[in-house]
Amino acid sequence: METVTKEQITALVNLQQIEIDTGSIKTSLNNVDRRLDKLDSKLITFKQVIEGQQSVIDELNQKYRDYEADVRLNLDSIKKSEAKLSSVKTNKEYQSSLKEIEDLKKKNSSLEDDMIQFLDDLEQAEGSLKSKEAEYSELQKQVNTDKEIIHKETEEGKRQLENLDAQWKTISAGIDTALLKTYNKVKSTQNNDVAIIAVIDAVCQGCHMNIPPQMYNELQRGDNLTKCPMCQRLIYWKDTSKRSE
């Protein structure tokens, strides 16, 4: 059991809270790049969807042009075959030319049906693309807004760190050197960096275990600091009736 003043205990508790707040802000600042990258990834992913949709449209347009070219070639062949009809000499040749013309017309009819379907598919694809582009535009606005918020939070976090650092220096300067050394040593053994914790109703708020009655009675004087027998944190009595540290 180490005798300290209430003011020293309060200062130590305040110092720890400053360190906890500082750690929280630093963690947030360290995540800024990841948050910005995540927003950019949303845009990239959505852009890829739009590019995929555009590729579908380009493919449909190319197929339509290919079919259109085939139709024109078939029409030219039909004209040539029709022109040859007047010059054929035998009925067999005449019938063969008629069949060739009929086959070409059937091909064109089938191609034109496919072209109509392509136009329908193209209209749907273009409508979908237009909708996706509108969504992308809204997403861009939202991402820009979110980025602006992140940048503002970053600047505010940096200002808070400066203020907390100034407070830490002021408070630590007023704490007994040996006590501060003990505090730092205990903190280094705790995974969550919490070195000093309150005891309420004989229960350590760090490990939630009861401390010995004698130790609790001594703590209640408010001028003693010791370690919890279970978690080895520094413990002090918290007067809950006053809601103060």
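Buried means under 20% relative accessible area, exposed over 50%, and partly exposed in between, with a 1.4 Å probe and protein chains only. By this scale Glu19 and Lys187 are both buried. The structure is a predicted model, in which local features need pLDDT of at least 70, side-chain atom pairs count only at pLDDT 80 or more, and totals for chains, interfaces and linings use all residues. Residues are numbered from 1 along each chain as its sequence is written, and side-chain values use heavy atoms, with hydrogens and water left out.

Salt bridges were counted next. The criterion is a side-chain nitrogen of Lys or Arg within 4 Å of a carboxyl oxygen of Asp or Glu. The count comes to 10 salt bridges. One of them joins the side chains of Glu19 and Lys187, at 3.1 Å from N to O. This pair links distant parts of the chain. Glu19 belongs to helix α1 (residues 6-30), Lys187 belongs to helix α4 (residues 177-188), and the two are 168 residues apart. Helices here are DSSP runs (H or I, at least four residues), as strands are (E, at least two), numbered from the N terminus.

A salt bridge also forms between Arg159 and Glu156, with the closest N and O atoms 2.9 Å apart. Both residues lie in helix α3 (residues 91-173). They are 3 residues apart, about one turn of the helix. Arg159 is partly exposed, with a relative accessible area of 44%. Glu156 is partly exposed too, at 34% relative accessibility. Asp223 and Arg221 form another salt bridge, their closest N and O atoms being 3.6 Å apart. Asp223 is partly exposed at a relative accessible area of 26%. Arg221 has a relative accessible area of 48% and is partly exposed.

Helix packing was then examined. Axes are lines fitted to C-alpha atoms, for helices over the stretch in contact, and angles run from 0 to 180 degrees between N-to-C directions. Helices α1 and α3 pack at an angle of about 155 degrees. Their axes are 9 Å apart. The two helices are therefore roughly antiparallel. Angles under 35 degrees count as roughly parallel, over 145 as roughly antiparallel, 65 to 115 as roughly perpendicular, and the rest as oblique. The crossing of α1 past α3 is left-handed. Left-handed means that the near helix is turned anticlockwise from the far one by less than a right angle; clockwise gives right-handed.

On the α1 side, the contact with α3 is made by Ala11, Asn14, Leu15, Ile18, Glu19, Asp21, Thr22, Ile25, Lys26 and Leu29. On the α3 side, the residues are Thr154, Gly157, Lys158, Gln160, Leu161, Leu164, Gln167, Trp168, Ile171 and Ser172. Contact means heavy atoms within 4.5 Å. The residues of this contact divide into 9 nonpolar, 7 polar and 4 charged. Ala, Val, Leu, Ile, Met, Phe, Trp, Tyr, Cys and Pro count as nonpolar; Asp, Glu, Lys and Arg count as charged; the others, Gly among them, count as polar.

Thr22 sits in helix α1. Thr22 counts as buried, at 16% relative accessibility. Not counting residues up to four places away in sequence, Thr22 touches Leu161 and Leu164.

The pair α1 and α4 was treated in the same terms. Their axes come within 12 Å and cross at roughly 40 degrees. The two helices are therefore oblique to each other. The crossing of α1 and α4 is right-handed. From α1, Gln8, Leu12, Leu15, Gln16 and Glu19 take part; from α4, they meet Leu179, Leu180, Tyr183 and Lys187. By class, the residues of the contact of α1 with α4 are 5 nonpolar, 2 polar and 2 charged.

Distances between C-alpha atoms complete the picture. Val13 lies in helix α1 and is buried at 9% relative accessibility. Thr90 lies in the loop between α2 (32-85) and α3. Thr90 is partly exposed, with a relative accessible area of 40%. From Thr90 to Gln16, 74 residues apart along the chain, the C-alpha separation is 110 Å. Gln124 is placed in helix α3 and is exposed, at a relative accessible area of 60%. The C-alpha atoms of Gln124 and Leu75 are 29 Å apart, and the residues are 49 apart along the chain.
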